[in-house]
Amino acid sequence: MKLLVPVKRVVDYNVKVRVKSDGTSVDVAGVKMSMNPFDEIAVEEAVRLKEKGVATEIVVVSCGASACQETLRTALAIGADRAILVETPSDPSFELQPLAVAKILKALIDKEQPGLVILGKQAIDDDCNQTGQMLAALADLPQATFASKVEVLEGKARVTREVDGGLETVEVTLPAVVTTDLRLNEPRYVTLPNIMKAKKKPLETVKPADLGVDVTPRIKTLKVSEPVKRGAGVKVPDVATLVDKLKNEAKVI
Ligand code: AMP
């Protein structure tokens, strides 16, 4: 079974992002970029499925500027077999939105015919949590989102999902779309020999137009702003004062 794993290049989770002074977007100039952490979990899961003999080939795909090749090479170093870059304009003002990504991935499903598509549940830059769900709808495939366990059985996948207040186990027929949650696995460290090997693995570049997809943005960002700064704290002499402040000043109890 072939697995398709979309990986997004995002601002590294350790970076404290800054909003541009004109409030149009986040400043990514000179900022460390990495693979979206949920996508790293997706690649790790795909590699584990291959190691178990369930999967035969792992194809990773990234949609974005040519710098996404670096993210794809990381996925190849984790253990993916080949990569596809769907290259979009490198102009930083160009925004690739989840619907456009879902349409690109739908076109790749038609071409590659994977048995399972494993995406991250959300990209930590836009926090959209939309692409997997829209992809499942466009491709008319069953979906199991927020997976914390994936077992592939004969023609089916049994997926444990993280839901409010507990876990839910669902079964989907394959092919299907699964999105990863944080507790699905702990991605392995990429070793130097595997980084070297990854350089030789195939990486194909296509344009959205080659797949017949129009990536014109449909959503306009009106304003981006920093979260309100936290005020300074105060020390209280005793528990009674704390309770009084919580009750009468903060009015939270
Ligand atoms: P989002 O809906 O933007 O929160 O993203 C959810 C998931 O969709 C991500 O974790 C990725 O697996 C996939 N995805 C989103 N954007 C891209 C992209 N530009 N290239 C590849 N995969 C993407």
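**A ligand enclosed by a predicted protein model**

A backbone N or O atom of P6 lies 3.1 Å from an oxygen atom of the ligand, a polar contact in the sense of a pair of N or O atoms within 3.5 Å (within protein, one must be able to donate a hydrogen and the other to accept it, and residues adjacent in sequence count only if both atoms are side-chain atoms). The model is predicted, so that local features need pLDDT of at least 70 and side-chain atom pairs count only at pLDDT 80 or more, whereas totals for chains, interfaces and linings use all residues. Residues are numbered from 1 along each chain as its sequence is written, and side-chain values use heavy atoms, with hydrogens and water left out.

A nitrogen atom of the ligand has a backbone N or O atom of C63 at 2.8 Å, and a polar backbone atom of G120 is found 3.0 Å from an oxygen atom of the ligand. On its own the ligand has 480 Å² of accessible area, and the protein covers 98% of this; such areas come from the Shrake-Rupley method with a 1.4 Å probe, and for residues only the protein chains shown count as cover. Helices (H or I, at least four residues) and strands (E, at least two) are here DSSP runs, numbered from the N terminus.

The ligand has 19 residues around it, of which D39, C63, A123, N129 and T131 come nearest, a residue being near if one of its heavy atoms lies within 4 Å of the molecule or strand in question.

In soluble globular proteins, nonpolar side chains tend to be buried together. A nonpolar core is a set of buried Ala, Val, Leu, Ile, Met, Phe, Trp, Tyr and Cys residues joined through side-chain atoms within 4.5 Å, and the largest one here has 35 residues, among which L3, V5, V43, I58, V60, L116 and V178 touch the most other members. Helix α1 (residues 37-51) supplies the largest share of this core, 7 residues. Leaving aside neighbours within four places in sequence, V5 is in contact (heavy atoms within 4.5 Å) with A42, V43, A46, I58, V59, V60, V61 and I118. A second, separate core of 26 residues includes V61, V101, I109 and V206.

S148, in strand β7 (residues 143-153), counts as buried because its relative accessibility is 15%, the limits being under 20% relative accessible area for buried, over 50% for exposed and partly exposed in between (1.4 Å probe, protein chains only). Residues up to four places away in sequence not counted, S148 touches T160, E162, L167, R183 and L184. V17, by contrast, lies in the loop between β2 (9-11) and β3 (33-35) and is partly exposed, with a relative accessible area of 41%; beyond its neighbours within four places in sequence, V17 is in contact with V11, V26 and E226.

For the protein as a whole, the secondary structure comes to 6 helices and 11 strands, and buried residues make up 40% of the 253 residues.
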